[in-house]
Amino acid sequence: MLSFDVASIPTDLFIGGQWRAGRGGDKLDVFDPSTGQVIAQIANASLDDAMDAVAAAHAAGKGWATTAPRKRSEILRRCFDLMIERRDMLAELISLENGKSLVDAQGEVGYAAEFFRWFSEEAVRLNGEISTAPGGANKILVEHQPIGVAVLVTPWNFPAAMATRKIAPALAAGCTCVLKPATETPLTAFALAEIYREAGVPDGVVNVITTSRSGPTVSAMLNDPRVRKLSFTGSTEVGRVLLREAANTVVSCSMELGGNAPFIVFDDADLDAAIEGAMVAKMRNGGEACTAANRFYVQRGIAKAFSDKLAERMGSMTVGIAYDKSVQCGPLINVKAVNRISGLVEDAKARGATVLAGGKSLDRSGYFYAPTVLADVSPDSEIAAEEIFGPIAAITTFDDEEAVIDLANGTEYGLISYVYTRDLARGLRVSERMDSGMVGLNRGLVSDPAAPFGGTKQSGLGREGAHHGILEFCETKYIAVSW
């Protein structure tokens, strides 16, 4: 069913522009979640390999930082072009190692490529400032300089987009980097590394290492004085550990952490639009997304109609091998994810929830759980407090606007919220009161390279995308001068 040979994808470490085996010589298995079968074996980096990658990035740093912005821009634009040219192959590769449907994978490749196009344009617009000091004694010059070597740590759920969302602004700013992708989905990162080289990214500017020793490896890099930036996407739990580690050398940190997104539907909402938005917000990537709608709060007057219609839509989804073009929902990433979700559903049922669709794992090869809709979910259920990361829609009925705002904000997370209402005044009023970095108002999809992506509270620090994204990889320098 694949149009390419998996054996053609590199599986070694990419350091200093060269593919090389890990020093220890051991390998890690990569699995196809649709079948549970091993599809490749990749290099397992040692701490020495990681230090080699940091050294390569540092050695390439001065040359890349002094490369003309237009030159950097053209290289990034070439990365975009090559990704679009190879969209079908990259989508199939993502589906193979990640388990998302081909439609979702195609969308991810387009989204991931757009970061190179967007930041190719930002690279030549990293403008400074000039002003006169209020006292008149001197001029104030402000410029943005590359922060230095950046360590980029990305998760398995968006293996292309989470990498390009960091690499593109880092390169646009003039930084070099070491990417450590998740070992569940390393092949996409390796395929993209070949694209960077073909596009003209100089040796050492981007390095890619995979390792089973993530904690010690990242710790070693963060404690190397040549590393000045950490950009991490992953769980809040791991983010806390990395923030403590980064404090040792006061490394600048950007953190895109967990979410527990509320999806609020008021009685006056357009039901069809709310259902379409729910399908996108919940089922994009099979629910394995930090932006996925986790807690559905539906006002009583529309609750039954919404629940029944959502159950009909989710219950009729075609579930199967991700890279089969007819499939709408692929597998979860591994058996641990299936077991975890099963536990959340059973806990919700024990607390009074009703299963309207799904509610069980599927007895077949691979890691499958049926798209599930739960009604009458108690707010004190585990599923209401945890990030689900799977195809489960948990619905709770509400009556009062103030009460639902309190419910929506009653979490340590604050990444994204969704609000559906025909009343624009109410929509904007509620959106402003959502304690989250992003709000989808009558929209189930908000991610855009031109928009600042990030959260409040324990959902993260900093922003990715937009002009804000390039500034995360810059140091602001002030020069006082008189003339």
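User: How exposed is Arg20?

Analyst: Arg20 is partly exposed, at 26% relative accessible area. The class follows from cut-offs: buried is under 20% relative accessible area, exposed is over 50%, and partly exposed is in between, with a 1.4 Å probe and protein chains only. Do keep in mind that this is a predicted model, where local features need pLDDT of at least 70, side-chain atom pairs count only at pLDDT 80 or more, and totals for chains, interfaces and linings use all residues. Residues are numbered from 1 along each chain as its sequence is written, and side-chain values use heavy atoms, with hydrogens and water left out.

User: Which residue does Arg20 meet in a salt bridge?

Analyst: First the rule: a salt bridge is a side-chain nitrogen of Lys or Arg within 4 Å of a carboxyl oxygen of Asp or Glu. Here Arg20 pairs with Asp52, with 2.7 Å from N to O. Arg20 sits in strand E2 (residues 18–20) and Asp52 in helix H1 (residues 47–65), so the bridge ties together parts 32 residues apart in sequence. Those labels are DSSP runs numbered from the N terminus: helices (H or I) have at least four residues, strands (E) at least two.

User: How many salt bridges does the rule give?

Analyst: The count comes to 32 salt bridges. One of them joins Glu472 and Lys229, whose closest N and O atoms are 3.6 Å apart. Glu472 is in the loop between helix H15 (466–471) and strand E22 (474–481), while Lys229 belongs to strand E10 (residues 227–233), so this pair links parts 243 residues apart in sequence. Both Glu472 and Lys229 are buried.

User: What about Glu401 and Arg426?

Analyst: They form a salt bridge too, at 3.3 Å between the closest N and O atoms. Glu401 lies in helix H13 (residues 401–409) and Arg426 in helix H14 (residues 424–433), so the bridge connects parts 25 residues apart in sequence. Glu401 is buried at 16% relative accessible area, and Arg426 is buried at 18%. Bridges can also share partners: Arg20, Arg23, Asp48, Asp49 and Asp52 are joined into one network that way.

User: Now the cysteines: how many disulfides are there?

Analyst: A disulfide is a covalent bond between the sulfur atoms of two cysteines. The test is a pair of cysteine sulfur atoms within 2.5 Å, and the structure holds zero disulfides.
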